[in-house]
Amino acid sequence: MIGFLRGILVHKAPPFLVLDVQGVGYEVEAPMTTFYDLPAINEEIKLHTHLVVREDAHILFGFSNEADRTLFRTLIKVNGVGPKLALTILSGQSAEEFHRCINDNDTLALVRLPGVGKKTAERLVVEMRDKLPDLSDSAIVNTDKAGMTQSVIGNPKQEAVSALCSLGYKPLDASKMVQNISIEGKSCEDIIRLALQGALR
């Protein structure tokens with residue numbers, strides 16, 4: 001229904017961002033791989049989108065590239081994987097890392113993601129393996145860019161904990177993930193990326 005949005009980034013607080021498209025503010029949920037690629041506030045961006053319609057809400061998900069959206073759409077077709085879990089998977093792993101897990105049958109790396117148990121990881125490997133050639137048709141690009149800006153005014157470590165909780169981590173676990181990360185010169189997105197890298201080792 002909504003294939004993409006192009007507008008001005010007016011707010012970002014993972015996993016949510018707001019895009020001003022000709023005076024209409026679209027609230028979008030996005031994986032951390034998209035947040036790492038965002039420009040500064042008040043700059044123009046384009047997001048590939050996917051609309052999920054539920055009885056109680058219409059939720060718009062946004063992605064910085066076509067490959068991530070394709071992977072998201074494929075993930076939510078897997079039994080037991082909904083949009084929230086798909087977003088968590090995309091936040092914890094790049095598309096390249098996810099492809100490697102599937103090709104190598106690496107269920108151990110998958111179960112390190114919150115919400116992914118052993119059975120879900122095994123189901124992902126089995127059901128996604130045959131779909132990888134189709135996913136490869138979309139060019140996978142590296143969304144890791146430098147020059148990220150702080151998303152909100154305040155304590156970036158507290159914002160990072162809140163974002164990690166939104167991605168499925170328990171509050172205590174989220175606090176532990178960021179407690180040893182120095183905030184000097186780091187944005188909320190920087191801290192989240194370092195926390196996720198440490199959790200998935």
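Predicted model: local features only at pLDDT ≥ 70, side-chain atom pairs only at ≥ 80, totals over all residues.
Q: How many helices and strands does the protein chain have?
A: Helices (H or I, at least four residues) and strands (E, at least two) are DSSP runs, numbered from the N terminus. In the protein chain there are 10 helices and 5 strands.

Q: What percentage of the residues in the protein chain is buried?
A: Buried means under 20% relative accessible area, exposed means over 50%, and partly exposed lies in between (1.4 Å probe, protein chains only). Of the 201 residues in the protein chain, 49% are buried.

Q: Is Ser91 buried or exposed, and which residues does Ser91 touch?
A: Ser91 counts as buried because its relative accessibility is 5%. Ser91 belongs to helix H3 (residues 83-92). Contact means heavy atoms within 4.5 Å. Not counting residues up to four places away in sequence, Ser91 touches Pro31, Met32, Leu167 and Leu196.

Q: What percentage of the contacts with a separation of 6 or more joins residues 24 or more positions apart?
A: Such residues account for 58% of those contacts in the protein chain. Distances between C-alpha atoms can be read alongside this: Arg112 and Leu196 are 84 residues apart in sequence, and their C-alpha atoms are 9.9 Å apart in space. Arg112 lies in the loop between helix H5 (107-111) and helix H6 (118-129) and is partly exposed, with a relative accessible area of 36%.

Q: Where is Val10 found, and which residues does Val10 touch?
A: Val10 is in strand E1 and counts as partly exposed at 37% relative accessibility. Leaving out residues up to four places away in sequence, Val10 touches Val18, Leu19, Asp20 and Ile41. The C-alpha atoms of Val10 and Ala40 are separated by 9.0 Å, although these residues are 30 apart along the chain.

Q: Which residues have the most contacts inside the largest nonpolar core?
A: A nonpolar core is a set of buried Ala, Val, Leu, Ile, Met, Phe, Trp, Tyr and Cys residues joined through side-chain atoms within 4.5 Å. The largest has 29 residues, and those with the most contacts inside it are Leu17, Met32, Leu164, Val178, Ile192 and Leu196. Helix H10 (188-199) is one of the elements that give two or more residues to this core, and H10 gives the most, with 5 residues. A second, separate core of 27 residues includes Leu85, Ala109, Leu124 and Met128.

Q: How much space lies in the second largest pocket, and which element gives the most to its lining?
A: Rolling a probe the size of a water molecule over the atoms shows where empty space is left. On a 1 Å grid over the protein atoms alone, a pocket is an open set of points where a 1.4 Å probe fits, with protein on both sides within 12 Å along at least five of seven lines; lining residues have an atom within 4 Å of a point. The second largest pocket holds about 190 Å³. Strand E3 gives the most to its lining, with 5 residues. Among the lining residues are Phe16, Tyr26, Leu51 and His58.

Methods:
Residues numbered from 1 in each chain as written. Heavy atoms only, no water. Points joined across faces, edges and corners; volume = space filled by probe spheres on them.
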